[in-house]
Amino acid sequence: MTRAYHPRSRYTRATVPMELRDTASWPSAGTSHLDVAGRLRMMRLRKITHDYLAFQPIAGQLKRTGVTHKQFLKMLNRALARSYETGQILGWAGFLPGVLRKAYTRKVDTRGSQPPGLAGALALCFQRVPDMKKALVRRILKRPKGPHEARVSKADIHRDFLVRCKAAGLGSDEWPFNTRFEGRRALERFVDQVLLENYERGVLARQGADAASKLRTGTGKDSLITPLLPYDLAEMDAHRLHLIGTVGVPDPDGLIEWVPIDRIQLLLIGDAKSTAALGYAAVIRRECNGDDVLDAGYSVVAPWHPRELCLSALHYDAGGGLPSGVIPELAGCGFGILCIDGALIGLGKDMIETFAGRFGCALCWGSIGRWDCRPLIERIFCALEEQGFVRAPSSTGSNANDPRRDNPAKAAVEARIHFQVILDLIDLQIARFNIAQNEGRYAQKRLNILRQYVERPELGFWCPKLPPTDSLHPELNVSVEWGFVRGEKRRPYTKYERVTYTNTTLADSPELIGRRVARHVNRDNIRDLEVFDELGAPLGSMRAAYPWSEHDHSLEMRKQINRRIDDGRIVAQHNQDYVKDGLNQLKAEARADARRARQGTSRAGTLLAREQQLRGMAHGARPGTVEAAVPQTRPPPPSRPPRRYGGPSHARPR
């Protein structure tokens, strides 16, 4: 039954507009649900309509069809009625029986102990109390915006309805009080009707914002940005994996304490045309920052190499990997448009200037909460989770009620799920995803789709190679930090993150004092810096001053140590090995977190795992020895003897 159509005027063949006389352009109607007689009737009505608009006699045809002239004009006006929503006429569907019906209007009173039927009683009640319907609709749809009950039940709405009926002066002999259920069934149907007529608002009010966001997909409308070739459009987003890993922390005796760390975040970039994953960055941190965005972009440009896997049971599938490593022509290629969300990392200088400047791409920011602007990335994340991560013993599940969620931090410690193994799983699952069959591309493998575009020039694809880097514009894995040369009453030097750097070239160049220099910073290891003058001339590699020169350390580690020096957790002394002391302090804090009664993730353990990831496994390098292979482990603490009294220890009698 259609209620959205309403005839605005009564047409005859003399008043039908010229643009509506062509019946061939009318919207068609399905007749498969009709029987033989009904289909024959529709064929005759089509012929009658055509002859009527052509000013031919139709009286004999109407008589043989069993339709009066008044009935035919009524059906014709239904067919020419326009929709309030689309503005189009109903067309041949106006001749089908039951398509247009008016809402039933009750005329018989509902007073008395036994009223004659109850059809239309609720609509009649709304007529008697004009403001009631509007108030109920507002409560059902949670309007206007403001604090509302989380989910209003139909029983609560029925109670509110009865209260309003009593306030309006309806007596006990009137509907709904003169019925057994007091109009509850009619009101429940009314609630369902309101939710269907206001579908999006109803889903938002009943199921929440997450469910309402899914209504933006499956609308039948194509995206405004449609890629024609690979690398035309890319998508990037971050996702927190649904499992917890651990890091092995040795104590002074050489035993290993297993400490759970925060969930690893995956920053992924995918190609919208081939639906292949182009690159990623695994971030052992609570939130991603601009450096992680640059690392993800560098993984797209740099050739991919398989990792040296920690476990012998893990292996790469044949032909799997990232496009930059499997297809050599795609190494060093960029994309034209990048779709990202409105997070802060997408609004910073690293993203707008460095990332977009290196790729030469346009940035397309999605609206807040509009994950559907990047559907490819969401599908990849869902596939990776279901294929591997939620199946791990330390899985946190897809939601709080997932039965797979069973104390994941404790399970991670018992299973000794080292974070290096999780990093291996990430690379394996992404490599496997790229060679999986894509149903939207005729069941072809994603890498095979890219390979065909590269090998077949007639398809119109050319590899979008990026320009080479220079001394002042390095690759994305290196940050450029501008500074000045200092050297009043001493040899020239430059200071970066509170530490002085120099070499023989700079030390013998006092004319550079006060001039700007560009420091190329490898964020994974800032023990050494490459320095250039403001014109791009190289000044050579410079090492940090003692004692920072004793150990490799990342930029994040130095910032953490400086923060601990500022708040007094590390006492600065002459010739102190800050890197060693900072690592030892992190290990001590991680061991303390592991021995707590209520075991959760450790912030210190997360920082320690992050430092191990950066120092022991830069992008494209192979990981070193994994601490999970060390057999020595600390035995569990002895269990306490059972108490002889049920109360707490301080309540025992003396």
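Is Phe359 buried or exposed, and what is its relative accessible area? In this predicted model, Phe359 is buried, with a relative accessible area of 5%; buried means under 20%, exposed over 50% and partly exposed in between, with a 1.4 Å probe and protein chains only. Phe355 is likewise buried, at 0%. Both residues belong to helix H12 (residues 349-359), where they are four residues apart, about one turn of the helix. Helices (H or I, at least four residues) and strands (E, at least two) are DSSP runs, numbered from the N terminus.

Residues are numbered from 1 along each chain as its sequence is written. Local features need pLDDT of at least 70 and side-chain atom pairs count only at pLDDT 80 or more, while totals for chains, interfaces and linings use all residues; side-chain values use heavy atoms, without hydrogens and water.

The mean pLDDT of the chain (the predictor's confidence in each residue, from 0 to 100) is 83, and 86% of the residues reach 70 or more. Where pLDDT is low, the predicted coordinates should not be read in detail.

Rings of Phe, Tyr and Trp (its six-membered ring) pair if their centres lie within 6.5 Å; planes under 30 degrees apart count as stacked, over 60 as edge-to-face and the rest as tilted. The count comes to 13 aromatic pairs. The ring centres of Phe72 and Phe95 are 6.4 Å apart and the planes stand at 40°, so this pair is tilted. Phe72 lies in helix H3 (residues 69-79) and Phe95 in the loop between strand E2 (82-83) and helix H4 (121-128), so the pair ties together parts that are 23 residues apart in sequence. Both Phe72 and Phe95 are buried. Phe355 and Phe359 form a tilted pair, at 4.8 Å centre to centre and 35° between the planes. Ring pairs also link Trp26, Tyr52, Phe72, Trp92 and Phe95 into a cluster.

Glu329 is placed in the loop between helix H11 (323-326) and strand E8 (337-340) and is partly exposed, at 40% relative accessibility. Beyond residues up to four places away in sequence, Glu329 touches Val454, Cys463 and Lys465. Glu329 and Val454 are 125 residues apart in sequence, with a C-alpha to C-alpha distance of 7.5 Å.

How values were computed: Contact = heavy atoms within 4.5 Å.
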